[in-house]
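Good morning, colleagues. Please turn to the structure on the screen, and I shall take you through its helices, its core and its surface.

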Amino acid sequence: MSTFTAFYTAWSDQLQQLLRQLCSAPKPPTTQDHLHHLNHLVNKVLFHYAEYYRVKAAAAERDVLDIFAAPWASAFEKSLHWIAGWRPTTAFHLVYTESSILFESHIVDILRGVRTGDLGDLSPTQFRRVSELQCETVKEENAITDELSEWQHSVSDLMGATTDVDKMIERLVTVVRKADDLRLRTLKRVVDLLTPQQAVEFLIAAVELQQGIREWGMNQDRECSY
């Protein structure tokens with residue numbers, strides 16, 4: 001087991017603990033203490049993700065090809081990867097999906113003018129800002145994808161006697177770093193657009209999706225190994 005694989009296993013377990021804390025948080029918050037508690041939980045989760053990308057960056061410096069191989073991930077997880085991780089624009093699909101589900105479940109109250117304060121109650125301004133951020137993120141995603149494509153096309157140069165393999169690997173490390181930076185920035189910027197209650201609901205959905213995919217994928221891998 002590699003050092004990063006061991007780290008990821010422990011990190012994932014800690015993320016599950018944070019999920020339980022998010023799920024047990026008061027929603028909707030009815031006091032100032034509740035709001036402080038929600039903000040505290042949101043910051044804890046964001047710090048946890050930031051720590052993951054910090055350690056991953058160091059691991060990529062040591063062996064970026066191992067990061068792409070992702071031995072800690074199931075085959076199903078790997079099939080969903082975009083440059084060794086989740087696609088940043090997934091965050092927006094998650095916001096829209098959760099908002100739609102909650103909107104439909106509260107539609108009677110909303111039509112009566114009752115504000116629920118959850119993700120189903122996003123304001124027009126929030127929707128506009130989410131849409132704008134999505135467009136910006138798509139552009140950055142495409143630019144990084146193009147950079148990886150250029151790197152892949154240059155692989156034929158490896159046959160040349162003058163090729164500097166170390167520099168090529170450094171370029172790949174840079175691509176992964178940019179992708180991870182976009183992932184973390186997107187997560188933080190989406191959270192910034194939401195109220196504390198909405199941010200908690202978004203993070204619950206994000207963690208449940210990540211953990212659900214991981215659990216299902218690992219179960220499939222175990223079944224295929226029999």
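I begin with helix H6, where Gln 126, Val 130, Leu 133, Gln 134, Thr 137, Glu 141, Ile 144, Leu 148 and Trp 151 are buried, that is, under 20% relative accessible area, with exposed meaning over 50% and partly exposed in between (1.4 Å probe, protein chains only). Helices here are DSSP runs of H or I with at least four residues, numbered from the N terminus.

This is a predicted model: local features need pLDDT of at least 70, side-chain atom pairs count only at pLDDT 80 or more, and totals for chains, interfaces and linings use all residues. Residues are numbered from 1 along each chain as its sequence is written, and side-chain values use heavy atoms, without hydrogens and water.

H6 covers residues 124-153; at 1.5 Å a residue its 30 residues should span 44 Å, and the 43 Å between its end C-alpha atoms agrees. The expected span is 1.5 Å times one less than the number of residues.

Next, the core. The largest nonpolar core has 61 residues, of which Phe 4, Tyr 49, Ile 67, Ile 83, Val 190, Phe 202 and Leu 203 touch the most other members. Such a core joins buried Ala, Val, Leu, Ile, Met, Phe, Trp, Tyr and Cys residues through side-chain atoms within 4.5 Å. H2 gives the most to this core, with 13 residues.

Finally, the cysteines. Cys 23 is partly exposed at 40% relative accessible area, whereas Cys 224 is exposed at 65%. With a disulfide taken as a pair of cysteine sulfur atoms within 2.5 Å, the count is zero.

Key:
Helices (H or I, at least four residues) and strands (E, at least two) are DSSP runs, numbered from the N terminus.
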